[in-house]
Every structure is written in structure tokens, then in C-alpha cells.
Amino acid sequence: MKILITGGYGNISWWCTKRALELGHDVYILNREQTRLTRREIPKEAFVINADYKDFYSVKECISKYSFDVVCDFLCQGKEDAQRTYELFKNKTKQYILISSESVYKRVPDDEPMSENAQKYELSEVSPYILGKLESEQFLTDKCNSEKFPLIIVRPGYTLDTILPYSIGQNCYTVANRYLNGKPILIAGNGENLWTFTHSSDFANAFVCLFGGRDLSGESFNIMGDTVVSFNKMMKVLAKELRNTEPYFLHIPYQDALHLSQFMPNDLMKQRMQNAIFDTSKIKSLVPDWKTNKNEEDIVRIAIKWLNEDVRRIRINQELDNKLEDLTKKYRDTL
């Protein structure tokens, strides 16, 4: 099959590209061919279409001679993106897979574990990231219902390959660097809430099974692994893999953890202090042989190894570091 992947070399999409190539598909990557040190290299077997995803006319010209069996859209974020991608691909593909996010689900205790039918946020309730995912889903679902646009929605969870998991922080190396320098490991709330962590290779093994075959238009799928651990445990794993033999954990109260909203929106930060457990029976019924192979130690070890292979991947955000230091001083002094 001819597969188009937008992005194609990101934290999740690189493994999807790799798996599709291993299955013998012709894989086309749509991106701007910018050098990104925090990305894996595009596999040489993939065909690269150089265009800016947000430049409608540039993309339209570049794909004018192509048609695809599957378009996997890892970049669509918001109504404008959804409108543009619909116009670009409505007559160009047999399947269009929108990669959304589990963050669209409200954390409602009665919905645990969260299935594809779990309650979602209203548009007025959320920050731009979640809003963009909801708008994309809604616009393209409307087109699926009214125009038979061949939409499939996939919602990954906390999926990692080239990034590290944190309770408080960003996906750069800032927090890990603090741990390496003997700083306390900051954990939001009591840290006992359970989260689902998935390695991107495990995600990709299920994802590529959606290609072709039965008509899945209008369907949505949770794709997450089976690794469900507390943030307390995950941060202990991170400390161990960083060779921090005497980690010092500092729990930050709910309200003060939310004060870092310039680095992570409040709604996403609140989710970090709630459970994130998902019902994946739907994808498993479609792909009964699929199982996840990497546990929490594997996930962290792979990311650290990749980051340490090139010093240019070690990104430190000084502003974030300063904010984390302020929190550390405030709560260490109260103990």
C-alpha cells in the first residue's frame, strides 16, 4: 500500500514509519525537512515530500500526482488544520487516520478505565492543546458523517521514545539534569495516581494493523500499552536509570504544581495528578495478537540512551529550571 505520514520522524511517528516500511508498504513522509536534533533520522527507504504542512497550496502541488491508500496525520491540530487537511485529502486517500490524544477525555471516576466512549471535555473548558484535538475530531467526524470522509481516530496515551516521563516538568532534559545534580525529584500531589505509559514501538505495532482491510470509517481507537504505574514508581525508575542511587522525592501540593502553567497548561497538569487508565479492548479485539513488549524500565532506558548519544539532544530550559528551583526551595524548607 501507499502510506503518507505527516511528520514521520517524531516521538511517535518515527516508529510508525519504520513498522510500515518493514511490512513492505511504500511510505511517503510529508515534512519541511528541517533539522531537528530531538528527532530520529528519517529512514532512507521512505520517500520524502518536502512541504510545509500548514501551506495549503505548497502541499497541494507536491501531492498532485499522488493518491494514497492511507494518510496518517500526526500534525493536525485545530479546526483550520482539519479544514485544510480535508480539502487536501478528501479525494486522495482510502483511509485517513487522525492521531488525536487521550487528553480529550474528562477524568470522570465512573469512566475508569476510559473507553473510546468516555466523556470528553466541552470546547469552552480546555486549553489550546486539548481544544485543537477536540476541534480536529469534531470537524472531521462531521465530514465523515456528511461526506463519507474515510476518517479513523486514534488516541495515544503518554507515549515515549525520545522523551522522558516527568510528573512536573517538560519533555526536555531540564528535569533529568536536575536529578543528575542531586536536586530533589518533584512529584505533583501525592504521586500515587496511576498512569499508563507506552513505548512508541508498541504503539506502532498496533497502529499499522489499522491499514487497509475492513472498513473502519467513523471508528475511534485507544492505543496504549499495558504498563500502568504510579508517578512515584515511574520517578523511582527514572532516578535508577540516571544512576541516582539516593533519590530525594519532594511532593508538591496540587495548587502550587499548577503555578507552572507557562510550561504546561493547567488542565494537562491537573490530569497528571489524576488517574489515566484506559480500556484498550477495542484495538485488542481488532488485533488479538498485539501485546506490549516494553515495561517502564525499558521505556526510560531507551530514551536516556538515545538522548546521551549526542550532546546536542540535551536541551536545558533555564526558565523552567529556575521555576523548579523556586518550588524546591519553598517545600524543602518547610520539611
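## Exercise 1: A serine and its surroundings

The side chain of Ser230 reaches the backbone nitrogen of Lys233 at 3.1 Å. Keep in mind as you work that this is a predicted model.

**Task.** Find where Ser230 is placed, and decide whether Ser230 is buried or exposed.

**Solution.** 
- Step 1: Locate the residue. Ser230 belongs to strand 11.
- Step 2: Check its accessibility. The relative accessible area of Ser230 is 9%. Buried means under 20%, so Ser230 is buried.
- Step 3: Look at its contacts. Leaving out residues up to four places away in sequence, Ser230 touches Gly191, Glu192, Asn193 and Leu194.

## Exercise 2: The partners of strand 9

**Task.** Work out which strand pairs with strand 9 in the parallel sense, and which one runs antiparallel to strand 9. Then explain why strand 9 is largely enclosed.

**Solution.** 
- Step 1: Take the parallel partner. Strand 7 (residues 158-160) pairs with strand 9 over 3 bridges in the parallel sense. Here Thr159 stands opposite Thr198.
- Step 2: Take the antiparallel partner. Strand 11 (residues 227-230) is joined to strand 9 by 4 bridges, and the two run antiparallel. Thr196 has Val228 of strand 11 as its bridge partner.

## Exercise 3: Rings and charges

**Task.** Describe how the rings of Tyr158 and Trp195 are arranged, and find which charged residue lies over the face of Trp195.

**Solution.** 
- Step 1: Begin with the count. There are 17 aromatic pairs.
- Step 2: Pick out one of them. Tyr158 and Trp195 are edge-to-face, with 5.6 Å centre to centre and 80° between the planes.
- Step 3: Tyr158 is in strand 7 and Trp195 in strand 9, 37 residues apart, and their pair links distant parts of the chain. Both Tyr158 and Trp195 are buried.
- Step 4: Look for the charge. Arg272 lies over the face of Trp195, 5.6 Å from the ring centre. Elsewhere, the charged end of Lys282 sits over the ring of Phe221, at 4.9 Å from its centre.
- Step 5: Find a cluster. Ring pairs also link Tyr28, Phe47, Tyr66 and Phe68.

## Exercise 4: Cores and a covered helix

**Task.** Find how many residues the largest nonpolar core has, and how many residues of helix 7 are buried.

**Solution.** 
- Step 1: Size up the core. The largest nonpolar core has 56 residues, and those touching the most other members include Phe197, Met235, Leu238 and Ile252.
- Step 2: Find the other core. Apart from the largest one lies a core of 33 residues, among them Ala20, Phe74, Phe221 and Trp290.
- Step 3: Turn to helix 7 (residues 231-241). Here 8 of the 11 residues are buried, including Met235 and Leu238.
- Step 4: See what follows. After helix 7 comes Arg243, with a positive phi near 65°.

Methods
Residues are numbered from 1 along each chain as its sequence is written. This is a predicted model: local features need pLDDT of at least 70, side-chain atom pairs count only at pLDDT 80 or more; totals for chains, interfaces and linings use all residues. Side-chain values use heavy atoms; hydrogens and water are left out. Buried means under 20% relative accessible area, exposed over 50%, partly exposed in between (1.4 Å probe, protein chains only). Two strands pair if DSSP finds at least two bridges between them. A polar contact is a pair of N or O atoms within 3.5 Å; within protein, one must be able to donate a hydrogen and the other to accept it, and residues adjacent in sequence count only if both atoms are side-chain atoms. Contact means heavy atoms within 4.5 Å. Rings of Phe, Tyr and Trp (its six-membered ring) pair if their centres lie within 6.5 Å; planes under 30 degrees apart count as stacked, over 60 as edge-to-face and the rest as tilted. A charge sits over a ring if NZ of Lys or CZ of Arg is within 6 Å of the ring centre and within 35 degrees of the ring normal. A nonpolar core is a set of buried Ala, Val, Leu, Ile, Met, Phe, Trp, Tyr and Cys residues joined through side-chain atoms within 4.5 Å.
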